[in-house]
Amino acid sequence: MSPEYAYLNDFIWGGGVVLSLLLCPLLPGVINKVKAFFAGRKGPRLFQLYYDLSKLVRKEGVFSSTSAGVIRLMPLCVPAALLCAMLFLPSALCNSPLAFSGDVLLFFYLLGFARVATVLGALDTGSSFEGMGASREIQFSVFSEMVLFGAAVFFVMLSGSFSLSGMLNSMGPAAWTVSGTSLLLVGGALFIVMLAECCRVPFDDPETHLELTMIHEAMILDVGGPDLALIQYSAALKLWIFASFLVTALLPAGCFAGLNGVPVYFCGVFLTAGAVGCVESVMARFRFLKVPQMLLAALCLVLIAVVLLLVFEGSGQ
């Protein structure tokens, strides 16, 4: 890679990261607008989350007297972990300058650290409802992590690279020609995991107010003010990370080099948010017993994709 191209790549990647941090609160607005369209109503404003965040930062947090202090650290640890994880993604279809062999493991562990910080903050309050939500979160995350690591194995086999940028951002049209069916299966599995990890229907309902049915929302019942603003922003950032992971994995990056990939990347992320809104408009939330079955189905899709890749590669050799 020439120094000029490397400089341009780093510049576009850095601009993509900054724009992603600024635009991620738009994703919940896009989802709500799509749901409002299906329901035949106007719905909340597209920039509603920005208004909510500005309102929350002007308030003051209230903490339980039974807390040992973990809940005060949780709103800082979660966005910090997600931001660090985002730095390893090939933003705007440009390789991350921080990429190294095996960084995909660090990426997944940073996402896991954000989850653990949320769970520990929920348990620190001593609330039975938050403890119930934390228990459900840990149970379902086991299945989600199996799907993510299975998808990582698939992309390592397909690309031959152990870095996140090399896995997701090195495939061209040839990859779709050889293993398009496998990519579609993995893309479907990643979309299912994105819905589960980002507390979307049919796995969870971010708009519910019934504690007995909450998963993610139950863990932040005692968080308010600027801390709640950080948590809500982190939820939007996590949705952006998973949508970006999905879009980058499915797009043939070789066809969109340099600045050409920037609009394609951002359009793909917002279209993914629109797809989430469509799913939430036509489906209801699953019962808790159905959630592990859906995540196991996603794992089966990944395993089938790996088998197909092995068969086709073996026949090609």
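Student: Which residues do ring pairs link into a cluster?

Tutor: The model is a predicted one. Rings of Phe, Tyr and Trp pair if their centres lie within 6.5 Å, and by this rule there are 13 aromatic pairs. Ring pairs join four residues into a cluster: Phe107, Phe108, Phe149 and Phe245.

Student: Which type of aromatic pair do tryptophan 240 and phenylalanine 270 form?

Tutor: The ring centres of tryptophan 240 and phenylalanine 270 are 5.6 Å apart, with 85 degrees between the planes. Planes over 60 degrees apart count as edge-to-face. The pair of tryptophan 240 and phenylalanine 270 is therefore edge-to-face.

Student: How many residues apart in sequence are the parts that this pair ties together?

Tutor: Tryptophan 240 belongs to helix α9 (residues 226-250), and phenylalanine 270 to helix α10 (residues 261-282). The pair thus ties together parts whose separation in sequence is 30 residues.

Student: Is tryptophan 240 buried or exposed?

Tutor: Buried means under 20% relative accessible area. Tryptophan 240 has a relative accessible area of 0%, so tryptophan 240 is buried.

Student: The charged end of which residue sits over the ring of phenylalanine 63?

Tutor: For a charge to sit over a ring, CZ of Arg must be within 6 Å of the ring centre. Here the distance from the centre of the phenylalanine 63 ring is 4.0 Å, and the residue is arginine 72.

Student: What is the accessible area of the nonpolar patch that includes Phe37?

Tutor: Phenylalanine 37 lies in helix α2 (residues 26-39) and is exposed, with a relative accessible area of 66%. On the surface, Phe37, Phe38, Val282 and Met283 form the nonpolar patch, and their accessible area together is about 450 Å².

How values were computed:
Residues are numbered from 1 along each chain as its sequence is written. This is a predicted model: local features need pLDDT of at least 70, side-chain atom pairs count only at pLDDT 80 or more; totals for chains, interfaces and linings use all residues. Side-chain values use heavy atoms; hydrogens and water are left out. Rings of Phe, Tyr and Trp (its six-membered ring) pair if their centres lie within 6.5 Å; planes under 30 degrees apart count as stacked, over 60 as edge-to-face and the rest as tilted. Helices (H or I, at least four residues) and strands (E, at least two) are DSSP runs, numbered from the N terminus. Buried means under 20% relative accessible area, exposed over 50%, partly exposed in between (1.4 Å probe, protein chains only). A charge sits over a ring if NZ of Lys or CZ of Arg is within 6 Å of the ring centre and within 35 degrees of the ring normal. Patches are made of residues with over 30% relative accessible area and no salt bridge: like charges are joined within 9 Å, nonpolar side chains (Val, Leu, Ile, Met, Phe, Trp, Tyr) within 5 Å. Accessible areas come from the Shrake-Rupley method with a 1.4 Å probe; for residues, only the protein chains shown count as cover. A salt bridge is a side-chain nitrogen of Lys or Arg within 4 Å of a carboxyl oxygen of Asp or Glu.
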